There are 2 protein chains.
Amino acid sequence: MKKDLPEDTVFELEKRLRQISVAIKKRGRKILTNYPITPSQFIALQWIIDDQDLTIGELAKKIGLAFSTTTDLINRMEANGLVQRNKDEKDRRIVRIRALAKGERIIKEVIDERREYLGRILQSFNLEQTEQLTQLLSLLYDTMHRENERDD
Amino acid sequence: MKKDLPEDTVFELEKRLRQISVAIKKRGRKILTNYPITPSQFIALQWIIDDQDLTIGELAKKIGLAFSTTTDLINRMEANGLVQRNKDEKDRRIVRIRALAKGERIIKEVIDERREYLGRILQSFNLEQTEQLTQLLSLLYDTMHRENERDD
């Protein structure tokens, strides 16, 4: 049941979402210059906090790096005091990565900075526009989420 | 003139935008497994195509890497046939990076895949919702763009 969605609209939506995401991220990352953390470590840290108790193999899949590269990355992050390896409580042969307080603080500050920026931008919106945008983005995400679950 | 924008709304908006961006990116990157290109090379390639004729120093700033690391990255991308170094036509001492056909093809395929995915998701939206979302995101981006120009 394919509807007639104009191709231009999809082009524009994809572009807008990409531009907005880049602009918000750029603001958040300003914070990172105050911390000794590389962009790869930052990306891994976000996954480790969002998805909790990932194994190195699971993390490698999420960030799209080889298992050996991901192991090196985790070694450096462990030395940097950002994460630690924990043995799984049910199966001691499985090692899971958990963020330490320092890692959690960095991510929190980056997200706070993004929110502050977005809040400043939204001062130009009226309340109705803000509510509409929130509803539409929630609907968009829920639809993506449902489709992804169907694919898995 | 600070308005009473509920903090929860900003939290939700930031989260939705982040989740959507991750979901779309993940779809686009499926394509990359077919190409010999690393995530760092992919990020650099996007900037090189979007901003055209960047110098290595300008690119280093955009991607947040050191000048020497960026030089290494460009060397590998040049060996990989993705980009080439060109002398600036007005000032031959300046070297600018330009994407080659292979680099442009990879980025185009990734963006095509993202669009296809987004178009599929938008089948669940009615036309009014799609138009509203496009308008609100354009407004959001234009406001960000204006604020960034004021900051520069």
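Which residues does Leu118(B) touch, not counting residues up to four places away in sequence? Leu118(B) touches Val10(A), Leu13(A), Glu14(A) and Ile24(B), where contact means that C-beta atoms, placed from the backbone, lie within 7 Å.

## The model and its confidence

Let us start with the ground rules. This is a predicted model, in which local features need pLDDT of at least 70 and side-chain atom pairs count only at pLDDT 80 or more, while totals for chains, interfaces and linings use all residues. Residues are numbered from 1 along each chain as its sequence is written, and chains are lettered from A and ligands numbered from 1 in the order in which they are written.

Chain A has an average pLDDT of 87, and 95% of the residues score at least 70; pLDDT is the predictor's confidence in each residue, from 0 to 100. For the model, ipTM is 0.76 and pTM is 0.76.

The same surface serves both copies, as 100% of the contact residues of chain B recur in chain A.

In this interface, 40 residues of chain B are in contact with 40 residues of chain A. On the chain B side, α1 (7-29), α5 (101-121) and α6 (127-151) are the elements that give two or more residues. Helices here are DSSP runs of H or I with at least four residues, numbered from the N terminus. By class, that side of chain B has 18 nonpolar, 14 polar and 8 charged residues. Nonpolar covers Ala, Val, Leu, Ile, Met, Phe, Trp, Tyr, Cys and Pro, charged covers Asp, Glu, Lys and Arg, and polar covers the others, Gly among them.

Helix α1 of chain A has 23 residues (7-29) and should span 33 Å at 1.5 Å a residue, which agrees with its end C-alpha atoms being 33 Å apart. The expected span is 1.5 Å times one less than the number of residues. Among the buried residues of α1(A) are Val10(A), Leu13(A), Glu14(A) and Ile20(A). Buried means 20 or more other C-beta atoms within 10 Å of a residue's own, exposed means 12 or fewer, and partly exposed is in between, with C-beta atoms placed from the backbone.

The largest nonpolar core has 26 residues, of which Ile20(A), Leu118(A), Ile20(B) and Leu118(B) touch the most other members. Helices α1, α5 and α6 of chain A and α1, α5 and α6 of chain B each supply at least two residues of this core. Such a core is a set of buried Ala, Val, Leu, Ile, Met, Phe, Trp, Tyr and Cys residues joined through C-beta atoms within 7 Å.

## A closer look at Met144(A) and Ile20(B)

Met144(A) is found in helix α6 of chain A and is buried, because 22 other C-beta atoms lie within 10 Å. Leaving aside neighbours within four places in sequence, Met144(A) is in contact with Ile20(B), Ala23(B) and Ile121(B).

Ile20(B), in helix α1 of chain B, is buried too, with 21 other C-beta atoms within 10 Å. With neighbours within four places in sequence left aside, its contacts are Leu17(A), Leu137(A), Leu140(A), Tyr141(A) and Met144(A).

Notes. Two residues are in contact if their C-beta atoms, placed from the backbone, lie within 7 Å.
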